[in-house]
Amino acid sequence: MRTVSYFILNELLWNFAANLMYSLGHPNALMPAMCFRMDGLMGDWIKAEFQQSFYFMAMIAAVVNFCLGFGTTFIYRYVTLRFPTISRFQKACGFALIAFVHLMMSLVVVFVFCFMQIHVKEYPEAYLLETTKNVFCFHPDTRIIFYTSLLFFVGIAIFIALFAGLSIREMRMKVHAMEKKTLHMQKEIQRNLLIITGWSVVVGCIPNVVYVTFVCHGKWPYARVAVLISILFPLNHGTFYALFILYLFKPYRKAMVDMAKAFQKYARKVLPLCCPNTTLVVLPIRTVKY
């Protein structure tokens, strides 16, 4: 369970990074042109066109690595079920390989978008742009971006389904070889991983496919409306994803309660020293059923 938590933390960190960068940058698609405008704080801090586009690439790389994190989680599940005894060296090599895959996927994202990037002044359909302030553009022929994105999302979905199926098959084959307690724990972990992954596919992956499709085909009817609606689901996905994890995994619920109790104990000691004239009211944290 401890090692699985590293993979879940990896997914949460990538999701947090993508949401944070979107909140700070807020790249707004200027459809029907294949251009984006930085409307957030980063638009005031970053003025250069290349820097703004690179910031956008970093955000896309975080989204791609978040999706990739689900695939690596199920690979780990299958490997641990298939080979119960794994040395520390082999585990370290596995983590290093996963980090290398994340790095390579980030480089692929940067390469594709750098290849498609063009200067705003050179954009062939400049009449579609009302302003060029904080704007960066990509080539209006979006077939490379669209089909690359579609291939990735379909590929990662097949990848997750394949290794999830192999993990279930491997666990069923070793039902009689496991202790009852171990089998129950493995089934619970597998069930919880399938639930949070299914949630992420429905609320995160599918709306992202819709977003990419309509951004790359900005001249379609109601493309702007579809983009504005579809982006809402991935942006709010991380909050509900974290709540799902707390609800499904008992150790994480226990850790949150322990943190709350520790904070309550610390507040009772520190606040009277900082504010001696203030009446401190701290609600007791009752015993929580995990």
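Author: For "transmembrane region", an unreviewed UniProt entry lists residues 12-34, 54-80, 92-118, 144-168, 189-214 and 226-249; UniProt positions follow the numbering used here, feature names are shortened, and annotations may be inferred rather than shown by experiment. This is a predicted model, in which local features need pLDDT of at least 70 and side-chain atom pairs count only at pLDDT 80 or more, while totals for chains, interfaces and linings use all residues. Residues are numbered from 1 along each chain as its sequence is written, and side-chain values use heavy atoms, with hydrogens and water left out.

Residues 189-214 are 100% helix and 0% strand, with end C-alpha atoms 37 Å apart; helices are DSSP runs (H or I, at least four residues) and strands are E runs of at least two, numbered from the N terminus.

A search of the whole structure finds one cavity of 30 Å³ or more, where a cavity is a set of points on a 1 Å grid over the protein atoms alone at which a 1.4 Å probe fits but cannot get out, and lining residues have an atom within 4 Å of a point. Two or more lining residues come from each of α3 (49-82), α5 (143-173) and α6 (180-216), and α6 gives the largest share, four residues.

In helix α3, G71 is in contact (heavy atoms within 4.5 Å) with F159 and I160, leaving aside neighbours within four places in sequence.

Notes:
On a 1 Å grid over the protein atoms alone, a cavity is a set of points where a 1.4 Å probe fits but cannot get out, and a pocket is an open set with protein on both sides within 12 Å along at least five of seven lines; lining residues have an atom within 4 Å of a point. Grid points are joined across faces, edges and corners, and a volume is the space filled by probe spheres set on the points.
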